[in-house]
Amino acid sequence: MLDNTSTVLGKVAVHYVDNSSQDQDLILSQNELYLEDDLLPLLLKQYFLHSFKDQSLYVFQHETDIALNEVMHHVNHIFEHEDDFLLQSQALAKLLYDKSDHPKVKGGEFYIVQFKDCVIDDELCDAVGLFKSENKDSYLKIYHEKSNVGISSDAGVSINKLDKGCLIFNTEKEQGYKLMIIDNTNKGSEAQYWMNNFLNVKPREDKFYHTKNYLDMCNTFCEEYIDTVIDAPRNEVLKIKENAMNYFTSKEVFNKQEFEEEALQEPIIIEAFKDYKTTFFNNNEITSFDEFDISEKAVKKAQKVFKSILKLDKNFHIYLHGRHDLIERGYDEEKGMYFYKTYFLKEE
C-alpha cells in the first residue's frame with residue numbers, strides 16, 4: 001500500500017516526446033524545471049500521485065540480465081548520482097522516443113520526477129516517477145479588464161487526469177525494484193509501448209499477485225466454463241462464487257485441497273475446475289501455487305467483481321446476499337418459461 005502523506009517533490013525535468021515512426025519532434029529541456037511558487041509543487045504532487053492507490057506491483061525484467069534493462073539502468077543512476085538527474089532524464093526521454101514507434105502513439109510532455117519520503121508497504125524510501133501527458137482538456141479563462149469581465153478559451157493538462165505514469169521505489173533493487181504503473185489512455189496494440197517496450201516490466205509475484213490471479217480465475221470459471229460446459233443453473237453458479245469469496249475472506253493462507261473441498265464441493269465441479277485452472281494459468285503464463293498467503297487488499301478489490309446477480313432476460317435482476325437454499329429454480333410447462341421461487345419472512 002502506498003502512503004504519500006509525507007512525500008516531498010524533489011527535482012523535476014520535462015521533455016517533449018512525439019512519435020518516432022513519423023519523424024516527429026523530440027524536444028529535450030536543457031534545464032530542470034524551476035518551481036517558481038509554493039502552490040506549483042503541491043499541484044504537481046496532486047497530478048503525479050493522486051491516481052496511485054492500491055495498484056498491483058511490478059518489477060523490471062530483461063530476457064538475459066536484469067541489469068541490462070535500460071530504464072532501470074538510468075533510474076538506478078539517478079538514485080545513486082543525484083547530480084546527473086538532468087542528463088539521465090534526457091537519456092530516458094530519448095529511450096521513450098525510440099520506443100514510440102507505433103503509428104497511433106500520441107506525442108506529449110514527458111516528466112521525470114524525484115520524490116522524497118514515500119511509504120510503500122510500510123517502508124520509507126525515495127522514488128523516481130516517469131509520467132507522460134498525451135491529452136489536453138479545454139478550459140475557460142476569466143479575466144477582468146477595467147469595468148468589464150472577459151472570457152477566453154485555452155487547452156491544458158488536468159491535474160486530475162494522469163495519462164501514463166510509473167513510480168519506481170528505491171527498494172528491492174536486486175529483484176528489479178518495486179514499481180506501480182498507470183496507463184489510462186491506450187487500450188489497443190499501441191498500449192504495449194509504455195509497459196512492455198519502454199519500461200519492460202512484469203508483475204511482482206507477491207501475495208497480492210497470487211490472490212488476484214486465483215480470484216480472477218475463479219470468477220471467469222463461474223462466468224464462462226460452468227455456464228457453457230456443465231450448464232449448471234445460474235443460482236448454483238452464484239453459490240460457487242459466494243463459497244469461493246467466503247473462503248478467501250475467512251482464511252489467511254490458501255490451500256488448494258481445502259479450497260476445493262469447501263468452495264467447490266461437488267466432484268464434477270472440482271474436476272472441471274482443475275482442467276480450467278490449468279488452461280487459464282498456461283494461457284496467461286502464470287505460475288500456479290497450491291499454497292500461498294492471502295492478500296486482504298486483493299480480496300477487497302475482487303469483491304467488487306464477485307457480484308451475486310441473477311439476470312433474468314431484460315426484465316428482472318435478483319441480488320443474492322446468501323442463503324441460496326431459500327431460492328428454487330423451476331420450469332412452467334404451461335407458460336414454457338423458467339421461474340425462481342424465493343422464501344422470506346418479511347419485506348423490508
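Is Tyr 214 buried or exposed? Tyr 214 comes out as buried, because its relative accessibility is 2%; buried means under 20% relative accessible area, exposed over 50%, and partly exposed in between (1.4 Å probe, protein chains only).

A note on the views: this is a predicted model, so local features need pLDDT of at least 70 and side-chain atom pairs count only at pLDDT 80 or more, while totals for chains, interfaces and linings use all residues. Residues are numbered from 1 along each chain as its sequence is written, and side-chain values use heavy atoms, with hydrogens and water left out.

**View 1. The whole chain.** The protein chain has nine helices and 17 strands, taken as DSSP runs numbered from the N terminus (helices: H or I, at least four residues; strands: E, at least two). Of its 348 residues, 42% count as buried. Take the contacts (heavy atoms within 4.5 Å) between residues at least 6 apart in sequence: 67% of them join residues at least 24 apart.

**View 2. Tyr 214 with Phe 273.** The two ring centres sit 6.2 Å apart with the planes at 45°, so this pair is tilted. Rings of Phe, Tyr and Trp (its six-membered ring) pair if their centres lie within 6.5 Å; planes under 30 degrees apart count as stacked, over 60 as edge-to-face and the rest as tilted. Tyr 214 belongs to helix α5 (residues 207-230) and Phe 273 to helix α8 (residues 267-283), so the pair ties together parts 59 residues apart in sequence. Phe 273 counts as buried because its relative accessibility is 1%. Both rings are in one aromatic cluster, whose members include Phe 221, Tyr 247, Phe 259 and Tyr 276.

**View 3. Phe 52 with Phe 131.** The structure holds 28 aromatic pairs, and here is an edge-to-face one: Phe 52 and Phe 131, 6.4 Å centre to centre, with 70° between the planes. Phe 52 is in the loop between α1 and β4 (57-60) and Phe 131 in strand β6 (residues 123-133), so parts 79 residues apart in sequence get tied together. Both of these Phe residues are buried.

View 4. A nonpolar core is a set of buried Ala, Val, Leu, Ile, Met, Phe, Trp, Tyr and Cys residues joined through side-chain atoms within 4.5 Å. The largest one has 31 residues, and among those touching the most other members are Val 71, Phe 110, Trp 194 and Phe 198. Helix α3 (residues 85-99) supplies the largest share of this core, seven residues. A second, separate core of 29 residues includes Tyr 247, Phe 259, Tyr 276 and Ile 294. Leaving out residues up to four places away in sequence, Trp 194 touches Leu 96, Phe 110, Leu 130 and Ile 181, among others, and its contacts also include Lys 132, Lys 164 and Asp 183.

**View 5. Lys 11 on its strand.** Lys 11 sits in strand β2 (residues 8-17) and is partly exposed, with a relative accessible area of 21%. Not counting residues up to four places away in sequence, its contacts include Glu 32, Glu 82, Asp 83 and Phe 85. Lys 11 and Val 128 are 117 residues apart in sequence, yet 9.6 Å apart in space, C-alpha to C-alpha.
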